[in-house]
Structure formats: structure tokens, C-alpha cells
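The tour starts at the ligand and then moves out through the charged pairs.

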Amino acid sequence: MAGARIKPLVAGNWKMNGLAAQLAEAEAVRAGMGSGSPAADVMICPPATLLGRLSSALEGSGILAGGQDCHSEKSGAFTGDIAAEMLVDCGAAAVIVGHSERRAGHGELDRDVRAKASAAHRAGLTAIVCVGETAGERAAGLTETVVCRQLEGSLPDGATAANTVVAYEPVWAIGTGLTPTAEDVARVHRSIRGALEGRFGAEGAQMRILYGGSVKPSNARELLSIDNVNGALVGGASLKAADFLGIISAYEA
Ligand code: PGA
């Protein structure tokens, strides 16, 4: 079975949520995971303002920290932007790029996402590259066409299983409580796997493909057991430790 030996990743995307008090939730995730070796890698991507403190709070826990976006350049006159190297400097191991909220709200195109993913690689970060169709594209039967076009344009040539994670997030499923059927998820993830293998060969066969969009404790077990689903990118349900732990526990026997 494709991807059978891939260690899954459960990544929480806090988006623009959380003041210092929210760090208590990360501490609670740490406490809730105990000291055993978990079946999945776990990551929290807080707002940039909390990244340094979150990394310090999670030191030695095995829980990874990640950024939510980065600029393509290393430094320079880009007011308000954050370089991938700066995320590393704050303790990040990864960065989300091309989230649909950045594509829609900041006009990011595939080529921008690709430049950001390359910047992540340059800095030594894993790039979590997001793709996904809108409701309209889905209704028009264009899901796989859109997703494969985004992958082709957003992934840099140097992508490997170690430095790149793909997150399939149907735009209409984000924050809505709606999810595709298990069959739909299986079909899209199979297409993504095929595209990754076609372009990156053995690396593409081992790259993690996360599902994202309204993942919660009650649906995690079903979604995460689908072939070629190698973990989850979790928004709303990652803000509460109990919910996030409930999702992580989908990987426990
Ligand atoms: P959601 O968000 O889990 O709140 O739907 C997922 C995401 O945007 O990464």
C-alpha cells in the first residue's frame, strides 16, 4: 500500500488566534502526550508573535513548532514580513505556505508559494504546501485538475520527502464543519500521490500528504485511516488541547 510506512504528522494551525495565555494549551498538549514515543509527529504553528515562546515551552517534548507563512527573501526592505531564516531563529522546524487564506486574502499565486517553499528549504525548514479546490471548482468537476495544477506550480524542483509535506485542504471544508466523503478524500489523495510520484519518483512516494478542513476528534479516526492520508492539518480544533489530543489519539491503537 502506498505510503504505508510513512510516519504521520498532525499539525495544528492556530491562524491569527492566541495571546500569551494560549501557550497554556500547548503546555497541556505536552502534558497530555506524556513521555512515550507517539505514533505521529506533532506540530503546532502559532502566530509568529508566539513562536519563540512556544518553541521554548515545548523544548525537549518532541512537539515541533512551525510558522504560518514566510517571505521568499532572506532579509531586506519588506516591512512586516518574516523570513524563513527568522522562523528557524525562533525554533521553527517547518512553515505552512500557500494556505488558501493566504492565496485568497493576499493574492498569493502558485509561483509565490513555490518561492516561499524554496525559501523554507534554503533555511532548512520543512515546507507544508497547501492545495485545495473551492466549492465552485468542485461543483464544476475540477477538483483534481485544480489540485494537480497547484501542486505543479507550487512545489519547487528540490522537494523531497524530508523537506516537503503536502496538505490537501478543500477550501469549502475549512472552518465550515463540512468534510468530503472518505471516498472523495481517497480519490484526491490518490491523485496527489500519483502526481508526486510522477514528478519526484521515490521521494514523491514517501512525501507526507495531510488532509485538512474541519478535522475534529469525532471524524479524525475515519479521515486519518484513509489510504495516502499521512496526517492532518488542523485549524479550529487545534486551539483546545483536549480536542487536539483527541485528534492525535486517532493514531493510537
Ligand atoms: P479548520 O482549518 O480545521 O478550522 O477547518 C484547517 C486549516 O485551515 O488548516
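Two cut-offs come first. A residue counts as buried when its relative accessible area is under 20%. A salt bridge needs a side-chain nitrogen of Lys or Arg within 4 Å of a carboxyl oxygen of Asp or Glu. Bear in mind that this is a predicted model.

**Stop 1: the ligand**

Select the ligand and the residues around it. The shell has 13 residues, and those that come nearest are Lys-15, His-99, Glu-169, Gly-175 and Ser-214. By type, the shell divides into four nonpolar, seven polar and two charged residues.

- His-99: a side-chain N or O atom sits 2.7 Å from an oxygen atom of the ligand.
- Glu-169: a polar side-chain atom is 2.7 Å from a ligand oxygen.
- Ser-214: here a backbone N or O atom lies 2.7 Å from an oxygen of the ligand.

How much of the ligand does the protein bury? Taken alone, the ligand exposes 280 Å², and the protein buries 94% of that.

**Stop 2: Glu-169**

Glu-169 is in the loop between strand E6 (164–168) and helix H8 (182–200). Which side chain of opposite charge is nearest to Glu-169? It is Lys-15, 6.4 Å away. The cut-off for a salt bridge is 4 Å, so Glu-169 is buried yet has no salt bridge. Glu-169 does have a side-chain partner: a polar contact of 3.3 Å joins it to His-99.

**Stop 3**

Side chains of opposite charge can pair when their charged atoms come close. The structure holds 14 salt bridges.

Select Arg-208 and Asp-41. Their side chains meet in a salt bridge, 3.0 Å from N to O. Arg-208 lies in strand E7 (residues 208–212) and Asp-41 in strand E2 (residues 41–45), so the pair ties together parts that are 167 residues apart in sequence. Buried or exposed? Arg-208 is buried, at 17% relative accessible area. Asp-41 counts as partly exposed, at 23%.

Next, select Arg-187 and Glu-144. This salt bridge spans 3.0 Å, N to O. Arg-187 is in helix H8 and Glu-144 in helix H7 (residues 143–154), so the pair links distant parts of the chain, 43 residues apart. Both count as partly exposed: Arg-187 at 33% relative accessibility, Glu-144 at 22%.

Then take Asp-157 and Arg-199. Their salt bridge is 2.8 Å, N to O. Asp-157 lies in the loop between H7 and E6, and Arg-199 in helix H8, so this pair ties together parts 42 residues apart in sequence. Asp-157 is exposed, with a relative accessible area of 61%. Arg-199 counts as partly exposed, at 24%.

Now the network. Select Asp-69, Arg-102, Glu-108 and Lys-116 together. Salt bridges that share partners join these four residues, Asp-69, Arg-102, Glu-108 and Lys-116, into one network.

**Stop 4: Tyr-251**

Finish past helix H11 (241–248), in the segment where Tyr-251 lies. At 18% relative accessibility, Tyr-251 counts as buried. Tyr-251 and Ser-225 are 26 residues apart along the chain, and 8.7 Å separates their C-alpha atoms.

Note on methods
Residues numbered from 1 in each chain as written. Predicted model: local features only at pLDDT ≥ 70, side-chain atom pairs only at ≥ 80, totals over all residues. Heavy atoms only, no water. Near = heavy atom within 4 Å. Polar contact = N/O pair within 3.5 Å; in protein donor to acceptor, adjacent residues only side chain to side chain. Areas by Shrake-Rupley, 256 points an atom, 1.4 Å probe, with all protein chains shown as cover. Nonpolar A, V, L, I, M, F, W, Y, C, P; charged D, E, K, R; others polar. Helix = DSSP H or I, 4+ residues; strand = E, 2+ residues; numbered from the N terminus. Buried < 20%, exposed > 50% of the residue type's maximum accessible area, 1.4 Å probe, protein only. Lys, Arg positive; Asp, Glu negative; His and termini not counted.
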